[in-house]
Amino acid sequence: MYEEIYRLERIFYLLSIGLCHAIKNGAIDIDEAERYLYSPLMMRLLKEEGASDVLHDLIHAGTELEDTESLAPASLGKELDEMISRAMQTLKESPVPKPMFDKWFNPIFERNKH
């Protein structure tokens, strides 16, 4: 089970990096990023599955982006850069997972075959 949550964490770090860049470049808004990843529900689910505190904190920071945008809009870019940096650093410091026999997306496509 640990290996599965570890892989999921890595995917979420990659997703977070992409979401932050997309927000910074105006490709998506914060509401869309919240629907993908940055929500209290996601924080709760990951905590229940034993995800790392680093990922929990990163997602929590994402849930506060809307407040940053409304209360201190000049700080939004800095906050996004910090989130990108945290996710990148965590990816760099973590060991590469064991090779997967199945691709992470197989459950999605296998479900649609039945």
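**Entry 1: α3 against α4**

I started with a helix pair: helix α3, residues 40–49, and helix α4, residues 53–63, have axes that come within 9 Å and cross at roughly 170°. The model is a predicted one, so I keep that in mind for everything below. The cut-off for roughly antiparallel is over 145 degrees, and α3 and α4 are therefore roughly antiparallel to each other.

Next I listed who makes the contact. From α3 I noted Pro 40, Met 42, Met 43, Leu 46 and Lys 47, and from α4 Leu 55, His 56, Ile 59, His 60 and Thr 63. Sorted by class, the α3 contact with α4 has six nonpolar, three polar and one charged residues.

**Entry 2: the loop in between**

Which residue did I check in the loop between α3 and α4? I picked Ser 52, which lies in that loop. Its relative accessibility is 23%, so Ser 52 counts as partly exposed. Setting aside neighbours within four places in sequence, I found Ser 52 in contact with Glu 9 and Tyr 13. I also checked Ser 52 against Ile 5: they are 47 residues apart along the chain, and their C-alpha atoms are separated by 9.1 Å.

That sent me to the start of the chain. Tyr 2 sits in helix α1, and at 62% relative accessibility it counts as exposed.

**Entry 3: α1 against α4**

How do α1 and α4 pack, in angle and axis distance? Helix α1 covers residues 2–24, and I get an angle of about 30° to α4, with the axes 11 Å apart. That makes α1 roughly parallel to α4. I noted the crossing of α1 and α4 as left-handed.

The contact uses Glu 9, Phe 12, Tyr 13 and Ser 16 on the α1 side, and Val 54, Leu 55 and Leu 58 on the α4 side. By class, this contact of α1 with α4 has five nonpolar, one polar and one charged residues. Glu 9 and Tyr 13 were already in my notes as contacts of Ser 52.

**Entry 4: α4 against α6**

I then turned to α4 and α6, which pack at an angle of about 160° with their axes 11 Å apart. α4 and α6 are therefore roughly antiparallel to each other. Their crossing is left-handed. On α4 the contact is made by Val 54, Asp 57, Leu 58, Ala 61 and Gly 62, and on α6 by Glu 79, Met 83, Arg 86, Ala 87 and Thr 90. I count these by class as five nonpolar, two polar and three charged.

**Entry 5: what α4 buries**

Which residues of α4 are buried? My list reads Leu 55, His 56, Leu 58, Ile 59, Ala 61, Gly 62 and Thr 63. I looked up their partners too: the buried residues of α4 pack against α1, α2 (30–36), α3, α5 (65–71) and α6 (76–93).

A general reminder to myself: in soluble globular proteins, nonpolar side chains tend to be buried together. Here the largest nonpolar core has 28 residues, and Tyr 38, Leu 46, Leu 55, Ile 59 and Leu 65 have the most contacts inside it. The elements giving two or more residues to this core are α1, α2, α3, α4 and α6. α1 gives the most, with eight residues.

I followed Tyr 38 further. Not counting residues up to four places away in sequence, Tyr 38 touches Ser 16, Leu 19, Cys 20, Ala 33, Leu 58, Ile 59, Gly 62, Thr 63, Leu 65 and Met 83.

**Entry 6: a stop at α5**

Thr 68 has its place in helix α5. At 19% relative accessibility, Thr 68 counts as buried, because buried means under 20%. Leaving aside neighbours within four places in sequence, I found Thr 68 in contact with Pro 73, Ser 75 and Leu 76.

**Entry 7: stepping back**

How many helices and strands does the protein have? I find seven helices and zero strands, in the order α-α-α-α-α-α-α along the sequence. Of the 114 residues, 36% count as buried. Last, among contacts with a separation of 6 or more, residues 24 or more positions apart account for 64%.

How values were computed. Residues are numbered from 1 along each chain as its sequence is written. This is a predicted model: local features need pLDDT of at least 70, side-chain atom pairs count only at pLDDT 80 or more; totals for chains, interfaces and linings use all residues. Side-chain values use heavy atoms; hydrogens and water are left out. Axes are lines fitted to C-alpha atoms, for helices over the stretch in contact, and angles run from 0 to 180 degrees between N-to-C directions. Helices (H or I, at least four residues) and strands (E, at least two) are DSSP runs, numbered from the N terminus. Angles under 35 degrees count as roughly parallel, over 145 as roughly antiparallel, 65 to 115 as roughly perpendicular and the rest as oblique. Contact means heavy atoms within 4.5 Å. Ala, Val, Leu, Ile, Met, Phe, Trp, Tyr, Cys and Pro count as nonpolar, Asp, Glu, Lys and Arg as charged, and the others, Gly among them, as polar. A crossing is left-handed if the near helix is turned anticlockwise from the far one by less than a right angle, and right-handed if clockwise. Buried means under 20% relative accessible area, exposed over 50%, partly exposed in between (1.4 Å probe, protein chains only). A nonpolar core is a set of buried Ala, Val, Leu, Ile, Met, Phe, Trp, Tyr and Cys residues joined through side-chain atoms within 4.5 Å.
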